[in-house]
Amino acid sequence: MSFNEISPSEFFYRNRDLAGFTNPVRALYSSLKELVENSLDSCESAELLPEIFVNIQVDEDGPSEDPKFYRLTVQDNGYGVPSGSLADAFGRVFYGSKFRLKQSRGVFGMGATMTLLYAQATTGRPSFVASSTTGRRYHGLSMKIDIERNRPIILRRFEGRAYGWRGTLVSATVLGDYQKAEGKVTSYLEQTAMAAPYASITFRDPYGHQMKLERVIDRMPKPPRETLPHPSGVDIETLRKMIRLWKGDDLLKFMFKNFQRVGPKTAEHFLKYAGLDPSISPRALGDEELSRLASALRNYEGFLPPDASYLSTLGHELLEAGVRRLLSPEFCITVVRRPEAYEGHPFVIEAAVAYGGPKLKPGLTVFRFANRIPLLYDESSDVTWKILNSMDLRSYRVRPEDPVGVIVHVISTRIPYKTIGKEYIADRPEVEKGIRLALRDAFRALRNYLGRKERMVGVTRRANVYSKYMSIIAKLSTELAERDRVPRYDILIPKGVAQDVEETPRQ
Ligand SMILES: Nc1ncnc2c1ncn2[C@@H]1O[C@H](COP(=O)(O)OP(=O)(O)OP(=O)(O)O)[C@@H](O)[C@H]1O
Ligand SMILES: [Mg+2]
């Protein structure tokens, strides 16, 4: 028997299904998604209104039928990638700037690298990346990845004047099937624009059609901030790492300097509960004490709940702007729930229900988002559907054929993704409960609206009948009263009702 070790790049290339690079249809969609996510993350963390260009072009040297070679280019106006990190950011799996406890679309440090890996494995073409962090000069690379060593291979370097452009451009040629991926690609971009109404996205497809999603609002949500871990979500290995990095001395200080919502008082009470001496150095803890500390952290009930002020929610105004941008509904209600927590991670549920308008199809349409990423796969097994199926929508005056859009957005420093493709999220009872309560509130508001609307229809119908006979009654009464002029009876008819009023001179 022989034993080998493989590099992270090789592992993920072999298991590319995990990252959503299953076949040319899915892979084209995933490549675009990964690059767009990075661009939006970059603009948002620099608090710049995103201006993203996405272009897919057929590479004529590849096959003439789908699956073809497609050159995918995504350009943004974000903070850029410093020249020293450019090759590694795109040429190494598990290299990134988002491994901190901070809400962002990116999590794993491999989305862009997977795109480049997939490109070189399927078309053999090198990729091109360029960036400017200052707007004065840009630096670019033509590159490939050494899969066995998980290292970038730089083929050529470019440099030049940036003429004020700051941001990043990535261009990769991938084997894709645009014909079959088109629906998902456009839905992804539209829904991305729904969760980021402050972003402008221009997409040019391989047929030369341009889809321009202009921003509808100039305000961005407050950016997320980096946070310390909450004590109840920390396991032994994380503790070990924290202790290794800790430069200070005693355990008491370690507790209140390294965790959120732990002050000196709480730390003292907690250590008494855990039966640990506050004055010892955390480095002196043996395995048994460390595991005691970890389980005490999980079980102690005196900690305040995780702090959600580090999260960046869209809020009512942006959420509604996004929903109106995509769906132009007749009615829209938004709900932003108070922060909650699961396993030491804060989360917020935002939801909206939209009704009517020219774009919604009859029946329910569900839009799901996690940290502003649209989730387009695995819809039927999603928790939102499970909740909707268990709700009696008729009790909210919603008939099965009514055009209703349901929007659910989960925001957290740790989204429970099921795969690194970030397309499905695992069900957590706390999250499910939050979604259920948010939808219940939203549907109640819809019920009130539909009730008002129905009553208005009744009033209008009655008023229509009434107005029809009004002129006759008015004429007859005028004759009976032996008067010449018909009085002004139009003021008795509610606005919006067809009026059949005779021209009556003012008395
Ligand atoms: N458009 C961009 N602008 C600025 N930095 C970028 C851009 N694209 C990639 N990066 C940098 O490259 C790193 C690697 O990107 P990559 O997509 O591989 O991982 P990630 O976004 O951190 O996580 P995920 O695997 O979840 O996407 C990022 O963490 C970021 O620092
Ligand atoms: Mg990414």
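Author: Here is a predicted model, and we can go through the ligand first and the protein after that.

Reader: How do you know that Asp76 makes a polar contact with ligand 1?

Author: Check the distance. A polar side-chain atom of Asp76 lies 2.8 Å from a nitrogen atom of ligand 1. The cut-off for a pair of N or O atoms is 3.5 Å, so this pair counts.

Reader: What about the backbone, where does Gly109 or Ala112 come in?

Author: Both reach oxygen atoms of the ligand through a backbone N or O atom: for Gly109 the distance to an oxygen of ligand 1 is 2.8 Å, and for Ala112 it is 3.0 Å. As for cover, ligand 1 taken alone exposes 590 Å², and the protein buries 96% of that.

Reader: Which residues come nearest to ligand 1, and how many are around it?

Author: There are 24 around it, and the nearest are Ser97, Lys98, Val107, Met110 and Lys422. By type, the shell has nine nonpolar, 11 polar and four charged residues. Helix 2 (24-45), helix 3 (83-91) and helix 4 (111-123) each supply at least two of the shell residues, with helix 2 giving the most, four. The ligand sits in the second largest pocket.

Reader: Why is the pair Glu226 and Arg100 called a salt bridge?

Author: Their side chains meet with 3.6 Å from N to O. The limit is 4 Å between a side-chain nitrogen of Lys or Arg and a carboxyl oxygen of Asp or Glu, so the pair qualifies. Glu226 is in the loop between strand 8 (210-213) and helix 6 (236-245), and Arg100 in the loop between helix 3 and helix 4, so the pair ties together parts 126 residues apart in sequence. In general, side chains of opposite charge can pair when their charged atoms come close. The whole structure has 29 salt bridges.

Reader: What is the omega of the peptide bond from Asp66 to Pro67?

Author: Omega is near -5 degrees, and that bond is cis. Pro67 lies in the loop between strand 1 (51-58) and strand 2 (68-75).

Methods
Residues numbered from 1 in each chain as written. Chains lettered and ligands numbered in written order. Predicted model: local features only at pLDDT ≥ 70, side-chain atom pairs only at ≥ 80, totals over all residues. Heavy atoms only, no water. Near = heavy atom within 4 Å. Polar contact = N/O pair within 3.5 Å; in protein donor to acceptor, adjacent residues only side chain to side chain. Areas by Shrake-Rupley, 256 points an atom, 1.4 Å probe, with all protein chains shown as cover. 1 Å grid on protein atoms, 1.4 Å probe; cavity = no way out; pocket = protein on both sides within 12 Å on 5 of 7 lines; lining within 4 Å. Sits in = over half its atoms within 2 Å of the grid points. Nonpolar A, V, L, I, M, F, W, Y, C, P; charged D, E, K, R; others polar.
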